[in-house]
Amino acid sequence: MELPQDVLMSIFATLEVPDLVRAGSVCSSWRSAYTSICSLGHCKPQQTPCLLYTFDSDGTKSTGLYSLVEKKAYVLPLQDLPNRHIIGSCYGWIVTADERSELHLVNPITGEQIALPSVTTIEQVKPIYDDDAAAANGYKYLWHTGEVTVSDSSSILYYKAFVSCDPSMGGGYTVVLIHNPYCQLSFARAGEIHMFDLTDPKVAPKIVMGKVKDFLYENIYIVEASCGNLLQIWRSDDLPKGDVPEGDEDDDHSFDSESEFDSESYVCDTNTIKVHKVSLTEGKIVEISSLDENLLFLGHGQTLCLHAEEYLQLKANHVYFTDNNELYLFGYKNNHRDIGVLDLENFRREEIVSPQIWSNWPPPIWLIPNPRRMKLASH
């Protein structure tokens with residue numbers, strides 16, 4: 001007996017993406033329910049984050065997606081990701097910079113791409129044209145220490161990008177770009193771009209909490225917990241030998257000023273993650289010892305705080321992390337990646353999967369799959 005479409009759609013709305021795709025392949029009736037639920041955006045809202053990465057396949061780079069729920073990897077039909085910088089992920093989309101530093105929104109599942117305003121719309125970037133003036137041959141980048149001529153400014157220009165809402169739903173979304181110099185902000189929306197220099201006295205952002213440290217070598221994240229509290233997370237890693245900030249040479253970092261730093265073998269491992277609860281009324285932070293039933297996803301993409309009861313395959317009071325040290329991200333393309341799971345109770349580190357299934361470049365990033373028109377082939 002065939003189930004009614006509304007019943008099928010109610011069942012499908014409880015499924016994780018891989019199960020949803022498999023269900024849509026059973027028969028024409030189930031396929032119709034699958035197509036309807038994806039087009040309407042009524043899929044399971046608590047999709048578990050996956051790890052987006054590239055890997056070597058018969059001498060060529062391919063794109064993969066590792067499911068934490070199934071502990072299984074899938075191949076994605078995305079060919080040019082290995083040649084790009086990835087500077088952010090939100091709502092199942094990633095923000096990439098190609099070999100000419102041009103930005104695109106990319107849906108890794110469907111391969112759909114949306115071009116963002118040209119890099120030359122950023123005030124500090126000026127094009128260098130060929131003799132026929134048909135195309136830019138490079139860029140002059142107006143750095144705060146002077147003018148630099150580069151052919152690919154991605155590694156020195158971009159820090160991170162965010163998307164305000166799902167681009168699959170049409171217009172109305174905004175892309176926020178953090179870039180040099182001095183971590184300025186640019187906002188792109190509907191083909192326009194606006195830049196705000198937060199060091200300009202004419203711009204008066206509302207500051208709810210002042211500076212909490214005099215010197216920062218950590219990555220700092222801000223995220224809302226499932227209970228509504230605002231959290232600030234400090235993440236620090238092992239610094240290269242000879243690269244410890246002045247006045248901070250303590251036992252927490254290996255420091256040998258006389259030994260030569262080997263950049264090819266250096267691994268930037270996360271060694272400490274501290275979680276603080278932010279009090280907006282008092283303007284201060286308080287370190288907390290546990291996330292209780294919450295868990296964190298940290299990295300160069302969207303920061304997430306999830307409730308373990310809604311993600312049964314994930315572990316409470318754990319931090320799932322990928323690379324986020326900017327110098328290491330852009331400057332050490334062949335080095336081993338900093339990816340793992342940290343138990344905040346005993347500070348033990350686990351591997352996501354062993355042996356490593358991803359290539360070291362571009363660095364893997366967390367992604368919540370967007371089920372629209374999703375097709376996966378078993379890897």
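Here are some friendly notes on the structure shown above, as numbered points.

1. A word on the source: this is a predicted model, in which local features need pLDDT of at least 70 and side-chain atom pairs count only at pLDDT 80 or more, while totals for chains, interfaces and linings use all residues. Residues are numbered from 1 along each chain as its sequence is written, and side-chain values use heavy atoms, with hydrogens and water left out.

2. The overall picture: the chain has five helices and 25 strands, taken as DSSP runs (H or I of at least four residues for helices, E of at least two for strands) and numbered from the N terminus. Of its 379 residues, 46% are buried, where buried means under 20% relative accessible area, exposed over 50% and partly exposed in between, with a 1.4 Å probe and protein chains only.

3. Now look inside. A nonpolar core is a set of buried Ala, Val, Leu, Ile, Met, Phe, Trp, Tyr and Cys residues joined through side-chain atoms within 4.5 Å. The largest one holds 22 residues, and Ile87, Leu105 and Tyr158 touch the most other members. At least two residues each come from strand 4 (85-90), strand 5 (93-97), strand 6 (103-106), strand 11 (158-163), strand 12 (175-179) and helix 5 (326-331). A second, separate core of 20 residues includes Tyr53, Phe55, Leu68 and Phe297.

4. Which residues does isoleucine 87 contact, leaving aside neighbours within four places in sequence? Among them are Val95, Leu103, Tyr158, Leu177, His300 and Phe330; contact means heavy atoms within 4.5 Å.

5. Next, find serine 29 in helix 3 (residues 28-40). Serine 29 counts as buried because its relative accessibility is 10%. Not counting residues up to four places away in sequence, serine 29 touches Glu2, Leu3, Gln5 and Leu8.

6. How do helix 1 (residues 5-12) and helix 3 pack? Their axes are 9 Å apart, at an angle of about 60 degrees. The two helices are therefore oblique to each other, as angles under 35 degrees count as roughly parallel, over 145 as roughly antiparallel, 65 to 115 as roughly perpendicular and the rest as oblique. Axes are lines fitted to C-alpha atoms, for helices over the stretch in contact, with angles running from 0 to 180 degrees between N-to-C directions.

7. Finally, tyrosine 332 lies in the loop between helix 5 and strand 22 (340-343). With 18% relative accessibility, tyrosine 332 counts as buried. Tyrosine 332 and valine 267 are 65 residues apart in sequence and 9.1 Å apart in space, C-alpha to C-alpha.
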